[in-house]
Amino acid sequence: MNLDSQHLETGLSGIPLTSAVESGLGNRHTPKALGWTNDTPFAKLYEFRVPKGKEPYLELLPNWTVTFETPRRVYLDNPENPQKNKFPCQYPGPCGSRSNVFGRPADLERHYKNVHGPDQRETFSCDYRKCARSKDENAFTRKDHYRDHLRDYHKEDIGSAKMDKKAKNNKEEYAKLQQDWLKERNTRPGSWRCGRCLVKVDVRIHGWDCPECKTSCEEDRVKARQLLAMERGKEEKEETYGEPVGMALEQNEYYSYPGSTVCSRCNGSEWIEDIYGGWQPCAHAHTQVYYL
């Protein structure tokens, strides 16, 4: 079937539709109910939309007329024989993917976006400026791959240490392995990254709750940062005064010490770039240190 300009005025059925006829079509249409086949040309008249966490649908392009065969919005059919943990692609047209059955709804949603709705494809650029993955052309198309990149390549403390099932079932062994793993991570006392939405959170502004998804930072990650801040604070105090801080520091008291008006290391920005292209608080720029 050829699609020509005649459809702009009368539709493929040759029947022009008024708004009254359109409203009489109902609010929900599916390819099967409309008599569409798997090789239907009608899908080319639509924009496939995949709203996150909601039901995908086809929206008729503005230069085509609503008809009985091509309503304004078409939802996908439900699977004929639904099976547990099997979510087939229901797009009304050819599917170029090697697999069209998925084990999770999230995988099916990603398939719809990447294969049938490429304009809606999500990308995740690394926020380390010197990383090759920070460029748009090298961005990740899957959030879980970006999460793995941050954990394995940049050594961020997202997730947990890799261990066998026996170690996971032993609380003491698990705690030790996790603590050792955290010590090897590139931990920054002034910030943490949300393991869910991967947003980098500034502790001074937002504390330990992610401003995007409201997820709280894990307790062991919080303690690791507090300990690191205390250790760095002691080093700064000893460097400034030429002697250990003493018992008062161990009691988590508040200290002030003089500093230059504009730091020569960060030019007053209070942040310095590390070897990985990321940013860390400049300890020399701070004139006050406190411990939680």
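1. Let me start with a salt bridge: Asp 202 pairs with Arg 204, with 3.7 Å between the closest N and O atoms. The term salt bridge is used here for a side-chain nitrogen of Lys or Arg within 4 Å of a carboxyl oxygen of Asp or Glu. Asp 202 is buried at a relative accessible area of 16%, and Arg 204 is partly exposed at 47%. Buried means under 20% relative accessible area, exposed means over 50%, and partly exposed is what lies in between, using a 1.4 Å probe and protein chains only.

2. Before going on, please keep in mind that this is a predicted model, in which local features need pLDDT of at least 70 and side-chain atom pairs count only at pLDDT 80 or more, while totals for chains, interfaces and linings use all residues. Residues are numbered from 1 along each chain as its sequence is written, and side-chain values use heavy atoms, with hydrogens and water left out.

3. How many salt bridges does the rule give? The count is 18. One of them joins Arg 193 to Asp 127, with the closest N and O atoms 2.9 Å apart. Arg 193 belongs to strand 6 (residues 191-193), while Asp 127 is in the loop between helix 4 (105-116) and helix 5 (143-152), so the contact ties together parts 66 residues apart in sequence. Helices (H or I, at least four residues) and strands (E, at least two) are DSSP runs, numbered from the N terminus. Arg 193 is buried, at 2% relative accessible area, whereas Asp 127 is partly exposed, at 33%.

4. Another salt bridge connects the side chains of Lys 32 and Glu 80, at 3.8 Å from N to O. This pair also links distant parts of the chain: Lys 32 is in helix 3 (residues 31-34) and Glu 80 in the loop between strand 3 and strand 4, 48 residues apart. Here both partners, Lys 32 and Glu 80, are exposed. If you like to look at networks, Asp 157, Glu 218, Arg 221 and Arg 225 are linked by salt bridges into one.

5. On to the aromatic side chains, where the structure holds seven aromatic pairs. In Phe 48 and Tyr 91 the ring centres are 5.1 Å apart and the planes stand at 70°, so this pair is edge-to-face. Rings of Phe, Tyr and Trp (its six-membered ring) pair if their centres lie within 6.5 Å; planes under 30 degrees apart count as stacked, over 60 as edge-to-face and the rest as tilted. Phe 48 is buried at 5% relative accessibility, and Tyr 91 is buried at 17%.

6. The rings of Tyr 57 and Tyr 75 have their centres 5.9 Å apart and their planes at 55°, so this pair is tilted. Tyr 57 is in strand 2 (residues 57-60) and Tyr 75 in strand 3, 18 residues apart. Tyr 57 is buried at 13% relative accessible area, as is Tyr 75 at 15%. Elsewhere, ring pairs join Trp 36, Phe 42 and Tyr 46 into a cluster.

7. Which order do the strands of the open sheet take? The three strands run in the order 1-2-3, with antiparallel pairing. Strand 1 and strand 3 are at the edges with a single partner strand each, so one side of each has no neighbour in the sheet. Neighbouring strands are turned by 25° against each other on average, direction ignored, with axes fitted as lines to C-alpha atoms (for helices over the stretch in contact) and angles running from 0 to 180 degrees between N-to-C directions. Strand 1 and strand 2 are joined by four bridges; pairing needs at least two DSSP bridges between two strands. Tyr 46 has Leu 60 in strand 2 as its bridge partner.

8. Finally, two backbone spots to check: Asn 85 has a positive phi of about 60° although it is not a glycine, and Asn 85 is in the loop between strand 3 (73-75) and strand 4 (87-88). Lys 214, also not a glycine, has a positive phi of about 70°. Lys 214 is in the loop between helix 8 (203-206) and helix 9 (219-241) and is exposed at 61% relative accessibility.
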